[in-house]
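Please take some time with the sequence and the model shown here before reading on. The paragraphs after it are meant to be read with both in view.

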Amino acid sequence: MTVQGVGELTALSFKAGVDQPQRFAKSKSVGARFGLTPSRYEAGEIAYDGRISKCGDGSVREHLYEAANATLNNTKKWSWLKAWAMEIAKRRGMEKAKVALARRLAEVLHRMWCDGTTFQWQRTAA
């Protein structure tokens, strides 16, 4: 719950939705588990990315989206995560930025759970 916008319900539903973090080899694949990746349409010579696939646990997806909404709209303190999402909002719009931030929150929460670390508000140089 040290992540910006993530409360008790979001943390609990994420933990119940993932169950065992070792099931995922990469943190990037956690967003796809909850349907936060674009669906792909391909037919003949036509190929494009559509809306999010909405497969997986809907309640976890809903809680992650609400955490992203709270991060972008209600928090005053800036972090690297909020700055990243605001850059997307400038280019693509606020709704797509919220979905992208929800997917990124799933990745960050999974990595924090595997490593046992807390959220770092500022990125540090390696």
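The structure is a predicted model, in which local features need pLDDT of at least 70 and side-chain atom pairs count only at pLDDT 80 or more, while totals for chains, interfaces and linings use all residues. Residues are numbered from 1 along each chain as its sequence is written, and side-chain values use heavy atoms, with hydrogens and water left out.

Helix α1 covers residues 8-18 and helix α5 covers residues 94-115, and the two pack at an angle of about 75 degrees with their axes 11 Å apart. Because of that angle, α1 is roughly perpendicular to α5. Helices here (H or I, at least four residues) and strands (E, at least two) are DSSP runs, numbered from the N terminus. The axes are lines fitted to C-alpha atoms, for helices over the stretch in contact, and the angles run from 0 to 180 degrees between N-to-C directions. Angles under 35 degrees count as roughly parallel, over 145 as roughly antiparallel, 65 to 115 as roughly perpendicular and the rest as oblique. On the α1 side, Phe14, Lys15 and Val18 meet Ala106, Leu109, His110 and Trp113 of α5, where contact means heavy atoms within 4.5 Å.

The structure holds four aromatic pairs. Rings of Phe, Tyr and Trp (its six-membered ring) pair if their centres lie within 6.5 Å, and planes under 30 degrees apart count as stacked, over 60 as edge-to-face and the rest as tilted.

The charged end of Arg104 sits over the ring of Trp84, 4.6 Å from its centre, and Lys82 lies over the face of Trp78, at 4.9 Å from the ring centre. A charge sits over a ring if NZ of Lys or CZ of Arg is within 6 Å of the ring centre and within 35 degrees of the ring normal.

Helix α5 also holds Ala100, which is buried, with a relative accessible area of 13%. Buried means under 20% relative accessible area, exposed over 50%, and partly exposed in between (1.4 Å probe, protein chains only). Not counting residues up to four places away in sequence, Ala100 touches Trp84 and Ile88. Ala100 and Ala89 are 11 residues apart in sequence, and their C-alpha atoms are 9.6 Å apart in space. Met94, also found in α5, is partly exposed at 31% relative accessibility. Leaving aside neighbours within four places in sequence, Met94 is in contact with Leu72, Asn73, Met86 and Ala89. The C-alpha atoms of Met94 and Gln120, 26 residues apart along the chain, are separated by 24 Å.

Elsewhere, strand β1 (residues 38-43) includes Ala43, a residue that counts as partly exposed at 34% relative accessibility. Between the C-alpha atoms of Ala43 and Val99, which are 56 residues apart along the chain, the separation is 26 Å.

Which residues of the loops deserve a look? In the loop between α1 and α2 (30-33) lies Asp19, whose phi is near 70 degrees, a positive value in a residue other than glycine. The loop between β2 (46-52) and α3 (58-73) contains Lys54, and there phi is near 60 degrees, again a positive value in a residue other than glycine. Lys54 is exposed, with a relative accessible area of 58%. Gly56 is found in the loop between β2 and α3 and counts as partly exposed at 47% relative accessibility. The structure holds zero disulfides, a disulfide being a pair of cysteine sulfur atoms within 2.5 Å.
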